[in-house]
Amino acid sequence: MKLYEYESKEIASRYGILVPRGRVVVSPSEAYSVARELGVVVLKAQVLVGGRGLAGGVRIAESPEEAYNIAEKLLSTSIRGERVEKLLVEEKVCISRELYLSLIVDRAARRPVYLISEMGGVEIEELAKKYPEKIHRVYVDPGIGYTDYIARVSLQVLKLPWTLLQDIANTTRAMYKIMVDYDAELVEFNPLALTCDNRLIALDAKIIIDDNSLYKHPELQRLYGRDLSEYEKRARELGFSYVELDGDIGVISNGAGLTMATMDSILYYGGKPANFLDIGGGAHRESVREAVKLMLTHPRSRVLLINIFGGITRCDEVAIGIIEAIREIGLIKPIIVRMLGTNEEEGRRILREQGIEVYSEMDDAVKVAVELSKR
Ligand code: GDP
Ligand code: MN
């Protein structure tokens with residue numbers, strides 16, 4: 001689960017990391033009064049998408065009146081499709097350099113790694129593309145945990161004066177503690193600013209917590225699911241595993257293995273999955289119907305590929321579910337079915353009767369789906 005900037009900063013601050021003074025507001029008049037208290041302020045749209053600065057979601061106000069006006073505008077807009085409901089109003093900090101510092105879990109290396117760069121302020125993905133050599137990595141042995149060596153490397157990579165060793169150590173140590181305490185997948189400060197008076201302050205903060213550990217933090221578990229799309233929420237209510245992707249082929253499959261193989265095959269044949277939904281084992285017609293309805297109405301997908309291996313799942317049940325869904329909402333986009341296994345003959349017959357082609361080979365079905373997605 002992604003935390004908002006203000007939530008991430010609240011945690012960071014509790015762990016001793018310096019953050020700008022500020023408050024979260026939901027109305028222009030609140031922004032006005034915070035500005036009156038803090039002077040020149042920065043108003044920051046609280047959305048979970050990155051790059052708010054470039055999208056106009058980070059604005060400086062010189063006076064309370066200006067803060068009022070900017071807040072009014074920001075609170076009535078969306079940033080990259082996400083409605084702005086809250087603003088963080090903070091004192092404007094005088095910065096001399098913008099640095100990048102994060103701690104992530106490197107799954108392949110099976111350990112946390114600090115990413116450190118003196119070129120903060122730009123998105124790390126961008127930086128990684130343009131100047132990969134500008135990102136320094138320090139791996140941490142989880143059996144050993146945090147050591148002060150990390151602070152000394154950070155200091156050097158960030159070209160900070162030795163007088164800041166204690167400050168950078170406090171920051172890097174706190175980041176590690178946050179990662180462990182919250183089972184965080186990411187703790188990021190971008191920028192971590194070096195102020196005009198030589199202090200380190202987290203100007204932006206982002207923490208992502210592993211959903212599987214939310215039960216340890218009841219205050220966060222209550223928020224579980226708030227960052228999901230409507231589709232993800234609906235799929236979850238229906239009891240399916242659903243994942244949103246960015247292509248244009250919708251995929252329904254059964255079982256994690258077959259679903260992953262379907263993704264691979266789509267990519268192999270030059271297509272891009274829009275999402276995938278795993279109906280699980282032994283799905284009945286009702287749940288297949290709901291799954292198909294959900295997936296047919298997905299706005300980005302242009303074709304729906306259904307790949308079923310019938311074991312405990314019966315192909316005829318799946319076929320009936322598909323037909324029922326089409327009866328309810330219409331065949332609003334092409335459906336390609338591949339099915340094999342239990343009651344396959346009956347399933348095929350039901351679908352063909354309604355004019356839906358059924359393939360036995362996954363490759364054949366995928367090729368057709370990819371082709372249709374490009375028309
Ligand atoms: P993001 O674009 O969503 O990552 O939003 P950030 O919180 O990182 O802000 C974007 C940029 O706004 C930063 O890189 C800074 O250049 C600038 N900015 C944000 N807060 C301040 C501030 O207090 N003082 C100054 N001078 N610049 C700021
Ligand atoms: Mn940022």
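Q: Accessible areas here come from the Shrake-Rupley method with a 1.4 Å probe, and for residues only the protein chains shown count as cover. What share of the accessible surface of the chain belongs to carbon and sulfur atoms?
A: This is a predicted model: local features need pLDDT of at least 70, side-chain atom pairs count only at pLDDT 80 or more, and totals for chains, interfaces and linings use all residues. Side-chain values use heavy atoms, without hydrogens or water. The accessible surface of the chain is about 17,900 Å². The carbon and sulfur share is 51%.

Q: What percentage of the residues count as buried?
A: Buried means under 20% relative accessible area (1.4 Å probe, protein chains only). The chain has 375 residues.

Q: Which residues does L160 touch, not counting residues up to four places away in sequence?
A: Contact means heavy atoms within 4.5 Å. L160 is among the residues with the most contacts inside the largest core. With sequence neighbours up to four places away left out, L160 touches R97, L99, L155, I168, L194 and L200.

Q: How many residues make up the second, separate core?
A: Its members include F240, I279, L304 and I326. The count for this core is 31 residues.

How values were computed
Residues numbered from 1 in each chain as written. Chains lettered and ligands numbered in written order. Buried < 20%, exposed > 50% of the residue type's maximum accessible area, 1.4 Å probe, protein only. Core = buried A, V, L, I, M, F, W, Y, C linked by side-chain atoms within 4.5 Å.
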